[in-house]
Amino acid sequence: MVRRLFERLRGLRQVAPHLLRPAHVNADRAKISVAQLGHHYANKVVALKDVNLNVRSGEFVCLLGPSGCGKSTLLYALAGHVVPTGGSVAIDGKPIQGPGPDRLLMFQEAALFPWLTVRGNITFALGARGVPRNERRERADTFIQRVRLEGFADTLPHQLSGGMKMRASLARALAVDPTVMLMDEPFGALDAQTRVHMQELLQSIWMRAGKTVVFVTHDVQEALMLGTRVVLMAPRPGRVVEDLEIHLPMPRSLEDPSLDAMARDIRHRLRAVEGPLENQHPEPLPRRTQTPSSLPRPSIVTGR
Ligand SMILES: Nc1ncnc2c1ncn2[C@@H]1O[C@H](COP(=O)(O)OP(=O)(O)OP(=O)(O)O)[C@@H](O)[C@H]1O
Ligand SMILES: [Mg+2]
C-alpha cells in the first residue's frame, strides 16, 4: 500500500515535464499571429508589453495568469475592440481592423435578451448575421440540442439556471459559426460543479467542431482540462512568460493524476514569475473579469 503510494507520487513527479512542452509555432503557419504587441491605456498603465503569440487553426489556447496581467486586453485586441498602441495582430495573415464576423467574443455573463426565449435569442443572432429566415429555427434547434438544452427552447432566460443560461449563450455563439472563439472567463461566475459540466461540454463541442479558441482563465485546472496549449502571463508589465503545449489526451478528467502533477508544475512556474508576494493575489485567485470600460455590452459580440 505504502509502496504503491510512493510509486504513484514518484510517477507524478516524472510525468509533468513530458506532458508540458514549449510551443513553437511559426507566424506563417498561424491562424492568429500576434507580434511585439504592446498596449498602454490612457492612464499610462502598460497592460501589454512585447507580446508574441502564434495560434494554429483548431487549437484551444488558454491564457492563464494573475489579475491584471493583460489577459483580457490581449483577448480584446484579438476581437478588434482594443486598438493596441504597438505591434501587430493578424488573422489569416490580415491585420485586424476592428471586430469581424470571423471572431466571436464571450464574457462571464450569458447576456441573453430577457424578452426572447432560448430559441428566440439564437434565431435573433442568426438573423443579425444574415442567415435566411427559413433556416434559422432548424439551426437554432441543432445547437440547442448540442448544448443539451432540449425541452427548453421556448423557455425565457429568467426561468433558467446560471449554467443553463451559459449553455444557451454557448449555443448562440456556436450557431453563428465564427472560426475563432474568444472567451473571457466564461464560466467564472458558475458554481464548481456546473463549471466542470460546462468544461466537459465545451471540450466535447470543441473536439467535434474544431474551432480555434482563445480562452482566458485564472484557474490552472481549467486551463489544463481544456487547452491544447497554456500561455502563462505575468503582470507589471503584462507579458507572456511561457507558452506550453499540453500533451494529455482528450477528453480529460480532473481525476487524472497527470493533470494534478501538471497543475502543480504550472503553479510553481507562475509563482516564479509573479513577483514579490505583496503584489500577488491570494490563491485561489478571484474569479472576476475586468472589462475595459470602453467595451460594448452585452456579452456576446457578434461583430458584424
Ligand atoms: N479601460 C482601462 N483603462 C485603464 N486601465 C485599464 C483598463 N482596462 C484594464 N486596465 C489595466 O490594464 C491592466 C491589464 O488589465 P486586464 O483587464 O487586461 O488584465 P486581466 O489579466 O484580464 O485581469 P483580470 O484577471 O482581473 O480580469 C491592469 O493593470 C488594468 O488595471
Ligand atoms: Mg480579465
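Predicted model: local features only at pLDDT ≥ 70, side-chain atom pairs only at ≥ 80, totals over all residues.
## Helix α3 against α4

As for handedness, the α3 and α4 crossing is right-handed.

Who does the touching? On the α3 side you'll find Val118, Arg119, Ile122, Thr123, Leu126 and Gly127, and they meet Arg136, Arg137, Arg139, Ala140, Asp141, Phe143 and Ile144 of α4. Sort the residues of this α3 and α4 contact by class and you get six nonpolar, two polar and five charged.

## Helix α3 against α5

α3 also packs on α5, a helix made of residues 162-175, at an angle of about 25 degrees and with the axes 9 Å apart. An angle under 35 degrees counts as roughly parallel, so α3 is roughly parallel to α5. Here, too, the crossing is right-handed.

The class tally for α3 with α5 comes to seven nonpolar, one polar and one charged.

## Helix α8 and arginine 269

Now for α8, which runs over residues 257-273 and includes arginine 269. Its length checks out: 17 residues at 1.5 Å a residue should span 24 Å, and the end C-alpha atoms are 25 Å apart, which agrees. The buried residues of α8 are Leu259, Ala261, Met262, Asp265, Ile266 and Leu270.

Is arginine 269 buried or partly exposed? Burial takes 20 or more C-beta neighbours within 10 Å, and arginine 269 has 19 inside that distance, so it counts as partly exposed. Setting aside neighbours within four places in sequence, arginine 269 is in contact with Leu232 and Glu242. Glutamate 242 is 27 residues away from arginine 269 in sequence, yet the two C-alpha atoms are 8.7 Å apart in space.

## The chain as a whole

Stepping back, the protein chain has eight helices and 12 strands. It runs to 304 residues, of which 41% count as buried. And where do the contacts come from? Taking those with a separation of 6 or more, 75% are between residues 24 or more positions apart.

Key:
Residues numbered from 1 in each chain as written. Chains lettered and ligands numbered in written order. Left-handed = near helix turned anticlockwise from the far one by under 90°. Helix = DSSP H or I, 4+ residues; strand = E, 2+ residues; numbered from the N terminus. Contact = placed C-beta atoms within 7 Å. Nonpolar A, V, L, I, M, F, W, Y, C, P; charged D, E, K, R; others polar. Buried ≥ 20, exposed ≤ 12 C-beta atoms within 10 Å, placed from the backbone. Expected span 1.5 Å × (residues − 1). Axes fitted to C-alpha atoms, helices over the stretch in contact; angles between N-to-C directions. Parallel < 35°, antiparallel > 145°, perpendicular 65-115°, else oblique.
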